[in-house]
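Please open the model in a viewer and keep the sequence at hand.

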Amino acid sequence: MQKKLYIGTNTKMYKTIRQTVAFLDELGSLTRDIDRNLLELFVIPSYTALDAAARTAQAQAITLGAQNMSWEDEGQFTGEVSPLMLEETGVRLVCIGHSERRHIFGEDDEVENKKVLAALRHHFTPLLCVGETASQKELGIQNEVLRSQLKVGLHDTSPEQARHIWIAYEPVWAIGVGGTPAGVMYASRMYTVIRQTLREIYGGEAGDRIPILYGGSVNNMNARELIQAPDIDGLFIGRSAWDADNFSRIIHDLVDICLIK
Ligand code: PGA
């Protein structure tokens with residue numbers, strides 16, 4: 001059976017409410033020809049756009065996600081957004097532990113774990129991002145870093161809950177302006193480490209079912225190559241996806257290649 005392909009974007013701190021809705025509309029019509037049983041297409045816009053975006057996303061068969069979430073339901077936590085608030089918006093996915101959250105805003109694996117557990121409690125799909133920094137890679141401890149990010153981040157989750165968990169491998173050195181995309185060989189080795197760790201945590205069957213996505217400077221040139229590794233299920237794209245037309249070109253390309261893979 002054809003494996004489902006996961007492709008999505010996080011628009012970070014770009015796109016206003018109006019721009020987000022227009023983007024979803026355009027992306028939806030440009031990808032309408034693709035069977036959504038084969039493609040899980042998701043967009044993760046800013047919090048303020050979620051409410052307005054929900055209707056358009058649903059009409060366009062695009063899964064909507066939030067970029068972050070508090071692990072508390074309510075309380076004196078100025079500036080935080082609660083899972084209860086997200087429930088009202090129609091969000092299905094919550095991005096947890098994006099490298100910018102970890103490295104600019106100082107979130108650690110224990111915090112990500114609390115968020116993963118809260119997301120599952122509220123029936124969201126947590127998209128847990130993991131990835132080593134450049135200096136961790138230089139030290140040769142990338143396997144250990146990934147293993148501990150997964151073991152701590154997913155602590156206390158069950159194989160049953162694992163059905164709702166997605167993982168993004170996003171090496172910190174590959175992300176954003178100035179990032180260098182990971183080579184396919186290197187990325188493949190890291191997917192294998194991630195897959196083995198997921199099997200250890202949940203057992204073979206549940207561990208094998210979890211989608212692993214790659215993110216970090218994906219573009220029109222390297223997307224095809226990056227999707228070819230056996231353990232990869234999709235791509236999580238930043239800059240190259242923010243123009244709907246370009247994003248749709250990447251998506252069509254990937255769908256074509258996966259259908260013949
Ligand atoms: P990028 O962002 O594709 O612009 O490198 C990826 C990400 O941050 O998920």
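In this predicted model, begin by selecting Lys-12 together with the ligand: a polar side-chain atom of Lys-12 lies 2.7 Å from an oxygen atom of the ligand. On its own the ligand has 280 Å² of accessible area, and the protein covers 99% of it.

Now extend the selection to the residues around the ligand, which also include Glu-170, Ala-174, Ile-175, Gly-176, Gly-216, Ser-217 and Arg-239. Coloured by class, this shell divides into two nonpolar, five polar and three charged residues.

How do their axes cross? The axes of helix 7 and helix 8 come within 10 Å and cross at roughly 40°, and the crossing is right-handed.

To inspect the contact, display side chains on both helices. On helix 7, select Gln-142, Asn-143, Leu-146, Arg-147, Leu-150 and Lys-151; they meet residues of helix 8, among them Tyr-186, Met-190, Val-193, Ile-194 and Leu-198. The residues of this contact comprise eight nonpolar, three polar and three charged.

Notes
Residues are numbered from 1 along each chain as its sequence is written. This is a predicted model: local features need pLDDT of at least 70, side-chain atom pairs count only at pLDDT 80 or more; totals for chains, interfaces and linings use all residues. Side-chain values use heavy atoms; hydrogens and water are left out. Axes are lines fitted to C-alpha atoms, for helices over the stretch in contact, and angles run from 0 to 180 degrees between N-to-C directions. Helices (H or I, at least four residues) and strands (E, at least two) are DSSP runs, numbered from the N terminus. A crossing is left-handed if the near helix is turned anticlockwise from the far one by less than a right angle, and right-handed if clockwise. Contact means heavy atoms within 4.5 Å. Ala, Val, Leu, Ile, Met, Phe, Trp, Tyr, Cys and Pro count as nonpolar, Asp, Glu, Lys and Arg as charged, and the others, Gly among them, as polar. A residue is near a molecule or strand if one of its heavy atoms lies within 4 Å of it. A polar contact is a pair of N or O atoms within 3.5 Å; within protein, one must be able to donate a hydrogen and the other to accept it, and residues adjacent in sequence count only if both atoms are side-chain atoms. Accessible areas come from the Shrake-Rupley method with a 1.4 Å probe; for residues, only the protein chains shown count as cover.
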